[in-house]
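Trainee: Before I use any of these labels, I would like to go through what each of them rests on. Could we take the structure and set its values against the definitions?

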Amino acid sequence: MKLSDKVAAEINSIKSRYQDPRSCLLPSLYVVQKADGWIAPEAMAAVGELLNVPGATVKGVATFYSMFRHKPMGRHLIQLCTNVACLVMGAEELVDILKGKYGLEPNGTSPDGRFSLVIMECIGACGTAPAMLVDTDFHENLNEKNIIDTLENYK
Amino acid sequence: MEKYLLRNIENPNSADINEYVKAGGYKALAKAMDMKPADIIEQVKKSGLRGRGGAGFPTGMKWAFAAADPKMPKYLLCNADEGEPGTFKDRPLLEKNPHLLIEGMIISGHALRAKYGYIYLRGEYPQAKDILEAAIKQAYEKKFLGDNILGRGVKFDLCVHQGAGAYICGEETALIESLEGRRGQPRIKPPFPVNEGFLAKPTVVNNVETFSNVPYVLEIGPEEYSKIGSSDCPGPKLFSVSGHVKKPGVYELPMGTTLRDIIYTHCGGVTGDKKLKAVIPGGISTPVLPADKLDCPMDFVNMPKHGSMLGSGAVMVFDETVDLPKVCLRAIKFFEHESCGKCTPCREGIGWMRSILGRICGGTGNAGDIDLLLEVSKNVMGKTFCPLGDGAATVVQNFIKNFRNEFEAHINNKVRAER
């Protein structure tokens, strides 16, 4: 697999920011994920070739970080926090609601391909818990009602 | 106390450079450019400023170590990877007051003769990334960054490097590994980053809030600064308060404000005026305190005398309805997920602790499980490269020490934790 010209150009432009091309690895994986929604094994190999880093090393790095996705995602990614502050403010009930309303399981995608759900380890919204990120938007002070109202804005 | 770190953030355009300058911003930078690098380090030393990331190491001393190392170039890294559950204190700085951080980093870069800086920003803050990058662009346009800062021939380049969801990268050597494009696994120390850090060059890693205090030190001078809050670790401190309080949020208060004052005076007390059961004062890794231990000054020196730690100043408040073994289990699941896998005691031990806690909270715990948990925790504590394993062991030991009866109740009554 070849990276698209646009993705390859963007990765090349990142190189100037770093003294060492290897530092571009995480930013490059982000570029791929932004374009494709996930990072396919072939894309990892292609990134490795571009940065002159062994493919196995790229895979080792890409699988270490929990925000890189290794299978295709739904159109919108829900990242719901269930860590301690969100837990005591009712995050578990929200997980149940997502299952009931959209058929969403943690690490799963709704049958219609609209949402994927990932359980997060603290997203820094503890004072406005429970909270989630939908794509790159923060939604805070969630409850059983407003979580659905919020998600209905994502088609 | 007059706010400094969070001043002007109610202004909806506070992240704009013109608003920041209007509020007095970048004056400290102009002052710093007239100072010798060694004099800036001396002022920071004199101010008593300690690192705000959790360890509380004296900032001026760290800088002096890096400055004394003849290797060049030197690198300046900002740890904006706050991932300690309960911690969200840096978020208002990053999203609402990015120029304060940028100004602090440029001054620090000048003090250390570093020409390159990176802000290692957690992946969970996508909005902060856009805001910081826009702010950095503005700072270049105004010649606060670049090859010839304010026409003084000083060079400093700065960019944002986005992490990707790994708590361990808040540990400085793991952060450096990650910035070098590797898995975020901690290095053994020594050598310390001040001598061999990023690309094996002298590297200073400071927290967002630490850098944000640097312009203040120069503005009011080290003598005035050292009069704020606790005498042996002075300055303003951000506290992020969450859980069962009426007014959760980020508060800028003098270092040494008591936990009781934070909860009852500033945050309005416990939600619904329920009874307080427990408080985690400094983020999930710091020892939990029972409700009768609130009269402790929140600073790096006094908290250990009261059985806990200041950590990141992340106060988590639990009312009488909270099932603490369940909180403990959730915390240990977090550590299990975040262990980088390098050290066996951490990788394996935390999994075992999670398993035992799981059966206790599931109503199928055995009579010896509490002692078994303590035994496993002792075999994790102090036996790993970095403090992540210690954090997990600390959680288990202190939840049991202070609330053993709750664990026993689950075991003796075969009670499953409620949803």
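The conversation below goes from the basis of the model to its chains, residues and salt bridges.

Mentor: This is a predicted model, in which local features need pLDDT of at least 70 and side-chain atom pairs count only at pLDDT 80 or more, while totals for chains, interfaces and linings use all residues. Residues are numbered from 1 along each chain as its sequence is written, chains are lettered from A and ligands numbered from 1 in the order in which they are written, and side-chain values use heavy atoms, with hydrogens and water left out.

Trainee: What makes up the fold of chain A, and how many helices and strands does chain A have?

Mentor: Chain A has seven helices and four strands, where helices (H or I, at least four residues) and strands (E, at least two) are DSSP runs numbered from the N terminus. Read from the N terminus, the order of elements in chain A is α-α-α-α-β-α-α-β-β-β-α, and the C-alpha trace of chain A spans about 50 × 30 × 25 Å along its principal axes. Of the 155 residues in chain A, 57% are buried.

Trainee: Why is B:Ser312 called buried?

Mentor: Buried means under 20% relative accessible area, whereas exposed means over 50% and partly exposed lies in between (1.4 Å probe, protein chains only); B:Ser312 has 6% relative accessibility and therefore counts as buried. B:Ser312 sits in the loop between strand E9 (289–290) and strand E10 (314–319) of chain B. Contact means heavy atoms within 4.5 Å, and B:Ser312 touches residues including B:Gly53, B:Glu84, B:Lys89 and B:Gly282, with residues up to four places away in sequence not counted.

Trainee: What makes the pairing of B:Ser312 and B:Thr87 a polar contact?

Mentor: A polar contact is a pair of N or O atoms within 3.5 Å; within protein, one must be able to donate a hydrogen and the other to accept it, and residues adjacent in sequence count only if both atoms are side-chain atoms. The side chains of B:Ser312 and B:Thr87 are joined at 2.8 Å, so the pair falls within that limit.

Trainee: Is B:Leu112 buried or exposed?

Mentor: B:Leu112 is buried because its relative accessibility is 4%. B:Leu112 belongs to helix H6 (residues 98–112) of chain B, and among the residues that B:Leu112 touches are B:Trp63, B:Leu76 and B:Val204.

Trainee: How do you know how much area chain A and chain B bury between them?

Mentor: Buried area is the accessible area (1.4 Å probe) that two parts lose on being put together, summed over both. For chain A and chain B this comes to about 3900 Å², of which carbon and sulfur atoms give 56%. A:Gln19, A:Phe64 and A:Glu121 supply 17% of the area that chain A buries against chain B, more than any other three residues. The contact takes 41 residues from chain A and 57 residues from chain B.

Trainee: How many salt bridges are counted between chain A and chain B, and which other pairs belong here?

Mentor: The count between the two chains is three salt bridges. A:Glu140 forms one with B:Arg91, the closest N and O atoms being 3.1 Å apart. A:Glu121 and B:Arg330 also meet in a salt bridge, at 3.1 Å, N to O, and both A:Glu121 and B:Arg330 are buried.

Trainee: What makes B:Asp90 and B:Lys89 a salt bridge, and are these residues buried or exposed?

Mentor: Their side chains meet at 2.8 Å, N to O, which is within the limit already given. B:Asp90 counts as buried because its relative accessibility is 0%, and B:Lys89 counts as buried because its value is 1%. Both residues belong to a network of salt bridges that links B:Arg52, B:Lys89, B:Asp90, B:Glu209 and B:Lys237.

How values were computed: A salt bridge is a side-chain nitrogen of Lys or Arg within 4 Å of a carboxyl oxygen of Asp or Glu.
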